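Please read the points below with the sequence and the structure open beside you.

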Amino acid sequence: MSDAEVLRARARQLARPVVLQAESRPDDVEALVVRVGNERLGILVSAIAAVSHARDVTPLPRAVAPVFGVTAWRGRPLTVYTLGSVIRETDQMVDARFVVLGNARRADLALLVDGIDDVITVPRSHLHSAAQTRRAEQAVGITDEGIIVIDPMALSRSLRRATRTTADPTRTE
């Protein structure tokens, strides 16, 4: 498939009509599907303030995971976290994005992701238990397709707790 055909196919997909709100059920969950390594995660759309290119992120020297770096959000610094176990070099982040969690007035944190796939709508009652996954503490549930839907508030608490408990091995007291 040529580049032009790929772009036309993407344009057709993006131009599809928006589903009317009347068709949604009260227990529906809308999630942005992102890629982090070999995982596909869903982040609740209601908690996403923005999505931007990772080239706008400045890596912090000697950052210890889950912290990756910082970015500017509406004139203020915002910590960027990584959900992957390895912090990658910035020149490898061609398709990477960061997702700002918060709302239109306040950003809580930003997540570095490898890519963005789609927005899905799933009835909450169709989500399966995530008890056996390493992200169980942060998960709302798992879709039939194996996408772990993340609770942004639980994720935020987990990342901040990990930041407080992870010491910089090169630092001397």
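**Notes on the strands and two residues**

1. Strands β7 and β8 make a hairpin, with four residues between them. Helices (H or I, at least four residues) and strands (E, at least two) are DSSP runs, numbered from the N terminus. β7 covers residues 97-102 and pairs with β8 in the antiparallel sense over six bridges; two strands pair if DSSP finds at least two bridges between them. Arg97 has Val113 in β8 as its bridge partner.

2. This is a predicted model, in which local features need pLDDT of at least 70 and side-chain atom pairs count only at pLDDT 80 or more, while totals for chains, interfaces and linings use all residues. Residues are numbered from 1 along each chain as its sequence is written, and side-chain values use heavy atoms, with hydrogens and water left out.

3. β8 (residues 107-113) is mostly covered, as six of its seven residues are buried. Buried means under 20% relative accessible area, exposed over 50%, and partly exposed in between (1.4 Å probe, protein chains only). β8 also runs parallel to β6, joined by three bridges, and Thr82 stands opposite Leu112 in β8.

4. Thr143 sits in the loop between β10 (139-142) and β11 (148-150). Thr143 has a relative accessible area of 4%, so this residue is buried. Leaving out residues up to four places away in sequence, Thr143 touches Ile120, Val122, Leu127, His128 and Val149; contact means heavy atoms within 4.5 Å.
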